[in-house]
Amino acid sequence: MAANLLFAQKESPAAARKAVDALNQQIVRACQQRDFDATAALWAEDGVDLLPGLAPMVGKAKISAWLESLRPQTEGSRMRYCTIDWQDIQIQGDSAYEWGINRQFIEYPPPRKSTPNEGKILYILRRQPDGLWKIALESWNSSPLSQEHS
């Protein structure tokens with residue numbers, strides 16, 4: 001374990017940024033592919049998910065169970081797009097925070113209505129003892145839809 005802590009302390013700022021950028025790419029790819037297992041793997045064991053309209057989900061096991069509950073709700077649908085336009089990424093030692101604009105469009109089979117979703121997203125990331133970055137906290141909310149989507 002001491003070797004892992006030593007590794008984390010010696011990572012350069014450029015290497016930390018590269019690792020955080022790689023995690024962000026994994027987050028978007030898992031969303032685009034609606035890969036709930038890949039999404040769950042990106043979370044720290046003690047991660048917290050604060051989603052609108054839901055009670056806080058504390059722990060990777062609870063977040064994974066919620067992700068699994070989405071499978072039947074999204075059956076037959078396809079992700080048209082999922083993007084995050086990062087506005088700010090700050091890394092301080094073994095912690096990072098970032099926020100951005102998240103855009104998703106899930107196309108559902110009729111009669112279910114398909115609508116785009118845009119919102120603000122915030123992640124707090126934490127470097128794990130093995131040197132990997134994981135999601136420690138996620139929070140987001142929807143932005144008002146523009147008139148063209150009303």
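Visitor: Which residues lie nearest the centre of the largest pocket, and how many residues line the pocket?

Guide: The model is a predicted one. In it, 39 residues line the largest pocket, and nearest its centre lie Trp66, Leu70, Gln104, Ile106 and Trp140. The volume of this pocket is about 940 Å³.

Visitor: What is the make-up of the lining by class?

Guide: The lining holds 25 nonpolar residues, eight polar ones and six charged ones.

Visitor: How do you know that Cys31 and Cys82 form a disulfide?

Guide: Their sulfur atoms are 1.9 Å apart, and the cut-off for a disulfide is within 2.5 Å. The pair therefore meets the criterion. The structure holds one disulfide.

Visitor: What makes this disulfide right-handed or left-handed?

Guide: The torsion about the S-S bond decides the matter: for Cys31 and Cys82 it is about 105°, and the disulfide is therefore right-handed. The bond links distant parts of the chain, with Cys31 in helix 2 (residues 13–32) and Cys82 in strand 3 (residues 78–92), 51 residues apart.

Visitor: Are the two cysteines, Cys31 and Cys82, buried or exposed?

Guide: Buried means under 20% relative accessible area. Cys31 has 16% and is therefore buried. Cys82 has 2%, so Cys82 is buried as well.

Visitor: Which residues of helix 2 are buried, and why are they said to line one face?

Guide: The buried residues are Ala16, Val20, Leu23, Asn24, Ile27, Val28, Ala30 and Cys31. Viewed down the axis of helix 2, they fall within an arc of 160°, and they therefore line one face. The face turned away from the buried side carries the exposed residues Ala14, Lys18 and Gln25. In general, an α-helix has 3.6 residues a turn, so residues three or four places apart point the same way.

Visitor: What can be said of helix 4 in the matter of its length and its buried residues?

Guide: Helix 4 has 15 residues and reaches 21 Å from its first C-alpha to its last, close to the expected 21 Å. Its buried residues are Lys60, Ile63, Leu67, Leu70 and Thr74. Down the axis of helix 4 they fall within an arc of 70°, so they line one face of the helix. Ala61 and Pro72, on the other side of helix 4, are exposed.

Visitor: What kind of peptide bond joins Pro110 and Pro111, cis or trans?

Guide: The bond is cis, with omega about 10°. Most peptide bonds are trans. Both residues, Pro110 and Pro111, lie in the loop between strand 4 and strand 5.

Visitor: Why are Pro110 and Glu45 called exposed?

Guide: Exposed means over 50% relative accessible area. Pro110 stands at 75% and therefore counts as exposed. Glu45, whose place is in strand 1, stands at 60% and so counts as exposed too.

Visitor: How many helices and strands does the chain have, and in what order do they run?

Guide: The chain has four helices and six strands. From the N terminus on, the order is α-α-α-β-β-α-β-β-β-β. Of the 150 residues in the chain, 36% are buried.

Methods
Residues numbered from 1 in each chain as written. Predicted model: local features only at pLDDT ≥ 70, side-chain atom pairs only at ≥ 80, totals over all residues. Heavy atoms only, no water. Helix = DSSP H or I, 4+ residues; strand = E, 2+ residues; numbered from the N terminus. Buried < 20%, exposed > 50% of the residue type's maximum accessible area, 1.4 Å probe, protein only. 1 Å grid on protein atoms, 1.4 Å probe; cavity = no way out; pocket = protein on both sides within 12 Å on 5 of 7 lines; lining within 4 Å. Points joined across faces, edges and corners; volume = space filled by probe spheres on them. Nonpolar A, V, L, I, M, F, W, Y, C, P; charged D, E, K, R; others polar. Arc of directions from axis to C-beta. Expected span 1.5 Å × (residues − 1).
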